[in-house]
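Take a look at the chain below. This briefing walks through its pocket, its salt bridges and some of its strands.

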Amino acid sequence: QVQLVASGGDWVRPGGSLRLSCTPSESRSDISKINTVAWYQQPLGKQHELVASLSFGYPNYAPSVKGRYTVFRDDAQNTVHLQMNNLQSDDTAIFHCTPGIVPENWPWGQGTQVTVSL
């Protein structure tokens, strides 16, 4: 099973933008061979929420992020990105990417922290 690593989290002001990256933990792995790459966010003290996925080339979004988040693949960088615009304080969370839709007891790893505040 390919493991994926999320990166690119940072602190931004409300209304700001960030682009997260998801890459295989082993550089030899080809992310384009993974049928579904999913992005989850976990606010402090809460469970993971599926916010976006790219499945067989088709993007899907949770209602809370539709119109603000865009998931896309960059084959040249062997990366799946999550572009997040108009970020709000409710978007503050640790973000993870996974090879498919996974259960809550998935070995999530460290993730990347996104903080939206003044």
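Strands here are DSSP runs of E with at least two residues, numbered from the N terminus. By that rule, Ala 6 lies in strand β1. The model is a predicted one.

**Around Ala 6**

- Ala 6 is buried, because its relative accessible area is 11% and buried means under 20%.
- Ala 6 touches Ser 21, Trp 39, Phe 95, His 96, Cys 97, Gly 111 and Thr 112. That list leaves out residues up to four places away in sequence.
- Ala 6 and Gly 109 are 103 residues apart in sequence. In space, Ala 6 and Gly 109 are 9.4 Å apart, C-alpha to C-alpha.

**The largest pocket**

- The largest pocket has a volume of about 170 Å³.
- Its lining is made up of 14 residues. The closest to the pocket centre are Leu 4, Val 5, Trp 108, Gly 109 and Gln 110.
- Which elements give two or more residues to this lining? They are β1, residues 4-7, and β9, residues 93-98.
- By class, the lining has eight nonpolar and six polar residues. No charged residue is part of the lining.

**Salt bridges**

- How many salt bridges does the structure hold? The number is four.
- Arg 28 counts as exposed, because its relative accessibility is 74% and exposed means over 50%. Glu 26 is partly exposed, with a relative accessible area of 45%.
- Lys 33 counts as exposed at 63% relative accessibility. Asp 30 is partly exposed, with a relative accessible area of 34%.
- Are Asp 91 and Arg 68 buried or exposed? Asp 91 is buried, with a relative accessible area of 4%. Arg 68 is buried too, with a relative accessible area of 16%.

- Strand β10 covers residues 112-116. Its covered face holds Thr 112, Val 114 and Val 116. Its uncovered face holds Gln 113 and Thr 115.
- Thr 112, on the covered face, is also one of the residues that Ala 6 touches.
- Strand β2, residues 11-12, pairs with β10 in the parallel sense over two bridges. Val 12 stands opposite Val 116 in β10, and Val 116 belongs to the covered face.
- In which sense do β9 and β10 run? They run antiparallel, joined by three bridges.
- The bridge partner of Ile 94 in β10 is Gln 113. Gln 113 belongs to the uncovered face of β10.

How values were computed:
Residues numbered from 1 in each chain as written. Predicted model: local features only at pLDDT ≥ 70, side-chain atom pairs only at ≥ 80, totals over all residues. Heavy atoms only, no water. 1 Å grid on protein atoms, 1.4 Å probe; cavity = no way out; pocket = protein on both sides within 12 Å on 5 of 7 lines; lining within 4 Å. Points joined across faces, edges and corners; volume = space filled by probe spheres on them. Helix = DSSP H or I, 4+ residues; strand = E, 2+ residues; numbered from the N terminus. Nonpolar A, V, L, I, M, F, W, Y, C, P; charged D, E, K, R; others polar. Salt bridge = Lys/Arg side-chain N within 4 Å of Asp/Glu carboxyl O. Buried < 20%, exposed > 50% of the residue type's maximum accessible area, 1.4 Å probe, protein only. Contact = heavy atoms within 4.5 Å. Pairing = 2+ DSSP bridges.
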